[in-house]
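Open the model in your viewer and switch to a cartoon display. Keep the selection tool at hand, and follow the stops in order.

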Amino acid sequence: MVFNKDITGYENEEEFAFYLNGKQVGRVYPNFLDLLYKLYG
Amino acid sequence: MDFNDYIECWVNKSKRKADIYIKINGYVRGISIKKGIKNSVHVESVNTLITFFREIGIEEEIIRKFLYYQYADGTINGIGKKRISSSAYREAHQNEIDEINKVFNDEKYINSFVNHFVLQGNKSLYEVDAIIYGVVEDFVWIAKEEVYFIMQKHLKDEVASLHISLLTLQPMARNLNFNPKYEFGRNQVQVKWYALPDNIIEVMAFYRNRK
């Protein structure tokens, strides 16, 4: 399971922000899309 | 929200429940991100936590029992000379822990506890909107309404340790060796959500989109 690759919690937060920032909604991984629909309807 | 909309996302540099913020079309959502095992969701000094307990109406007798558990040295202020481990304390005082658990797991308090320990904390004005568990390539998530739901669902679980639904409360350190370096930890209460990924998967499998 990739769930816990060897990075710190802070690095993990940075990776999320780096991945999402500036991306179009239609170009994110499917599970991000599910979350975004939940958050924004 | 549209497929063509752009996402803004940034890390929250202040110590709050939200680790990142997501902004789409001007609307900002706060997200807490967890990874690893035995996730800590909250740390707070025992003094401010007791104030919170009083604010929500926990009776003094239960607060005293909680303090005896916290310090496990026969006092409610941590100045006792003989400290014992959590397992030794449980062995000798399980009935008191059961009494605390009975009160803490009363339905009337659960939303206050979830708000305070998991979603908002004592330093922020807003709740987080969701919790992510995992890494960018592989994660699960739970929305705040689902956190309230699953915590209410598990209120009646039989658990021996001091707990509130799926959360356990413990001193950050018992410091049985009186090491000055760790002494501050005796005055800090740590709240852990041990089975966070399992509980998120439980929500996804059995409750999401079925209510």
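Keep in mind that the model is predicted.

**Stop 1: the sheet**

Select β1, β2, β3, β5 and β6 of chain B. These 5 strands form an open sheet, in the order β1-β2-β3-β5-β6. The pairing is mixed. Strands of a sheet pair through backbone hydrogen bonds, either parallel or antiparallel.

Which strands stand at the edges? They are β1 and β6 of chain B. Each has a single partner strand, so one side of each is left without a neighbour in the sheet. On average, neighbouring strands are turned by 25 degrees against each other, direction ignored.

**Stop 2: one edge**

Zoom in on β1(B) and β2(B). They run antiparallel, joined by 4 bridges. Pick Glu8(B), then find its bridge partner in β2(B), Lys23(B).

**Stop 3: the other edge**

Move to β5(B) and β6(B). How many residues lie between them in their hairpin? There are 2. The two strands pair in the antiparallel sense over 6 bridges. For an example, select Ile131(B): its bridge partner in β6(B) is Ile142(B).

**Stop 4: a helix across the strands**

**Stop 5**

Show the side chains where they touch. From α5(B), take Glu146(B), Phe149(B) and Ile150(B). From α6(B), take Asn199(B), Glu202(B), Val203(B) and Tyr207(B). Of the residues in this contact, 4 are nonpolar, 1 is polar and 2 are charged.

**Stop 6: the contact between chains**

Bring chain A into view. The contact takes 27 residues from chain A and 30 residues from chain B. On the chain B side, the elements that give two or more residues are β1 (8-11), β2 (20-24), β3 (27-34), β5 (130-135) and β6 (138-143). Colour that side by residue type: 18 residues are nonpolar, 3 polar and 9 charged.

**Stop 7: a helix from chain A**

Finish with the sheet of chain B, whose strand order is β1-β2-β3-β5-β6. Select helix α2 of chain A, residues 30-40, which packs on this sheet. The helix touches β2, β3, β5 and β6 of chain B. Its direction makes about 15 degrees with that of β6(B).

How values were computed
Residues are numbered from 1 along each chain as its sequence is written. Chains are lettered from A and ligands numbered from 1 in the order in which they are written. This is a predicted model: local features need pLDDT of at least 70, side-chain atom pairs count only at pLDDT 80 or more; totals for chains, interfaces and linings use all residues. Two residues are in contact if their C-beta atoms, placed from the backbone, lie within 7 Å. Ala, Val, Leu, Ile, Met, Phe, Trp, Tyr, Cys and Pro count as nonpolar, Asp, Glu, Lys and Arg as charged, and the others, Gly among them, as polar. Two strands pair if DSSP finds at least two bridges between them. Axes are lines fitted to C-alpha atoms, for helices over the stretch in contact, and angles run from 0 to 180 degrees between N-to-C directions.
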